[in-house]
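I opened this notebook to record what I looked up in the structure shown below.

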Amino acid sequence: MPSHTSRRGLLFGAAALSTGALITGCTSNESKDDDSDDKSQQVADDKPGKKVTIGFAGPQADHGWLNAINDNAKKRAEKYSDVTLEATEGSNDTAAQIGQVETLINKKVDVLVVLPADGKALTQVGLKAMKAGIPVVNLDRVFASPQAYRCWIGGDNYGMGLSAGHYIGEKLKDKKNARVVELAGLDNLELTKQRSKGFDDALKNYPNIKKVARQAADFTVESGQSKMSQLLQAQKNFDALWNHDDDQGVGALRAIKQAGRDDFLMVGGAGALSAMQAIEADNSVLKATVLYPPTMAASAIDLARALGQGKGINGMAEFEIPSFVTCYSAVVDKENVGQYMSTGFK
C-alpha cells in the first residue's frame with residue numbers, strides 16, 4: 001500500500017543566493033564556460049566527493065511497495081563510494097521508530113531520510129533532528145510541520161486517480177454511455193480519498209462516461225478477490241475498472257477469471273511487477289497500471305547526498321536542492337512496459 005500524502009506538482013525551494021553572489025553573476029567578466037564550470041562544482045554528480053553518512057528510517061516492510069522502498073534506498077546508497085548508509089530495522093510502532101530516529105541523531109549522522117509510520121506522530125523527532133543541525137529528507141508520508149524537514153519527496157495519490165481516469169477516458173471517449181467501476185483501497189485513509197477524487201475529476205472531462213459502482217477493499221489479495229466478486233455480481237455490464245492497488249488486484253483478477261469475464265479493461269495502481277508482467281503478456285483484462293514509484297527512495301538518497309555535500313542537483317539552476325519534489329504518476333501499458341519493468345516491485 002503506497003503511502004499517505006496529497007501533495008501535487010513539483011514545487012521548488014527558492015535559491016538562497018547572497019546579494020554578493022548575485023552581483024558577481026551580473027558583473028563578472030569571466031566567460032560563460034567559466035560560469036558553467038563554477039556551477040558544475042556546485043551540483044552533485046556520480047563522482048566521489050565529500051563523505052556523507054545518511055541515516056535511513058522507514059516502517060516495517062509488510063507490503064511489497066514498502067519492501068521496494070527499502071531496497072531502492074539501500075541499492076542507491078551502494079552506488080556511491082562516498083555514502084555510508086545507517087539503516088534502522090523498520091517498525092510500524094511509532095514509539096519504536098521515534099527511538100530509532102533518536103539513535104541516528106545521537107550517532108550524529110550527516111543527513112536523515114525518514115519515511116514515518118505516522119507523519120504526525122514523528123513530527124517532533126523530525127524537528128529535533130533539524131534543531132540538532134541534521135537536515136531531514138521526509139519521504140512520502142509528510143510531517144505535520146514543514147520545519148521538521150528540509151526537503152519532502154513523495155508520490156501523488158490525487159495524480160494516480162487523475163492519470164487512471166484520463167487513460168480510461170481516452171480509451172472510452174468514443175463509446176456511447178460508457179460505464180466504469182472502481183475498486184478502491186481502505187476508505188479511512190486519506191490516500192484512498194485522494195485517489196478517488198483524482199479519478200472522479202478526470203472522468204468529468206468525458207461526459208459519455210459514468211461511474212456506476214465503487215467498492216472499497218483493504219489492499220490485500222483476499223479483499224481484492226472478495227470485493228471484486230461483489231462488484232461483478234452487482235454490475236453485469238461495464239467497460240472499465242480502476243483498481244487502486246496492484247496487490248489487491250491479484251485477488252481481483254482471480255475473481256474476474258472465476259467469473260469468466262473479459263468484456264472490460266482494467267487499470268491497476270502502484271506498479272507491482274506482477275501487474276507489469278500481466279500487461280506485457282496481454283492475456284487478461286489488465287491493460288495498464290498507474291505508478292506510485294518506490295524509486296522515490298533512491299531519489300531521496302540522491303537528495304540526502306547532495307544535502308550532505310552542500311550541493312544542488314544536476315539539471316537545475318539553483319545551488320540548493322528543492323524543498324518539495326512530487327513524483328509523477330505515470331501510466332504503464334503495453335507500449336512502455338519494457339521501460340518500467342525494472343521498477344516493478346514484488
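The entries below go from method to sheet, then to strands and helix pairs.

**Entry 1: basis.** I worked from a predicted model, in which local features need pLDDT of at least 70 and side-chain atom pairs count only at pLDDT 80 or more, while totals for chains, interfaces and linings use all residues. Residues are numbered from 1 along each chain as its sequence is written, and side-chain values use heavy atoms, with hydrogens and water left out. I took helices (H or I, at least four residues) and strands (E, at least two) as DSSP runs, numbered from the N terminus.

Entry 2: I looked up the strand order and found an open sheet of 6 strands, 8-7-9-10-11-14, with mixed pairing. Strand 8 (209–216) and strand 14 (331–333) each have a single partner strand, so at these edges one side of each lacks a neighbour in the sheet. Direction ignored, neighbouring strands of this sheet are turned by 20° against each other on average. I counted two strands as paired if DSSP finds at least two bridges between them. I also noted that strands of a sheet pair through backbone hydrogen bonds, either parallel or antiparallel.

**Entry 3: strand 9.** Which strands pair with strand 9 (residues 240–243)? Strand 7 (residues 178–184) runs parallel to strand 9 and is joined to it by 4 bridges. Strand 10 (residues 265–270) is also parallel to strand 9, with 3 bridges between them. I found A240 in both pairings: A240 is the bridge partner of V180, and A240 stands opposite L265 in strand 10. Are the faces of strand 9 buried or exposed? A240 and W242 on one side, and L241 and N243 on the other, are all buried (under 20% relative accessible area, with exposed meaning over 50% and partly exposed in between, for a 1.4 Å probe and protein chains only).

**Entry 4: strand 4.** I then turned to strand 4 (residues 111–114), where V111 and V113 point one way, L112 and V114 point the other way, and all are buried. Strand 2 (residues 52–57) pairs with strand 4 in the parallel sense over 4 bridges, with I54 opposite V111. Strand 5 (residues 136–139) pairs with strand 4 in the parallel sense over 3 bridges, and N138 in strand 5 is the bridge partner of V114.

**Entry 5: helices 8 and 9.** How do helix 8 (residues 221–234) and helix 9 (residues 246–259) cross? Their axes come within 6 Å and cross at roughly 40°; axes are lines fitted to C-alpha atoms, for helices over the stretch in contact, and angles run from 0 to 180 degrees between N-to-C directions. Helix 8 and helix 9 are therefore oblique to each other (angles under 35 degrees count as roughly parallel, over 145 as roughly antiparallel, 65 to 115 as roughly perpendicular and the rest as oblique). Residues in contact (heavy atoms within 4.5 Å) include M228 and L232 in helix 8 and V250 and I256 in helix 9.

**Entry 6: helices 4 and 5.** The axes of helix 4 (residues 94–106) and helix 5 (residues 123–131) come within 10 Å and cross at roughly 5°. Helix 4 is therefore roughly parallel to helix 5. I98, V101, E102 and I105 of helix 4 make the contact with V125, K128 and A129 of helix 5.
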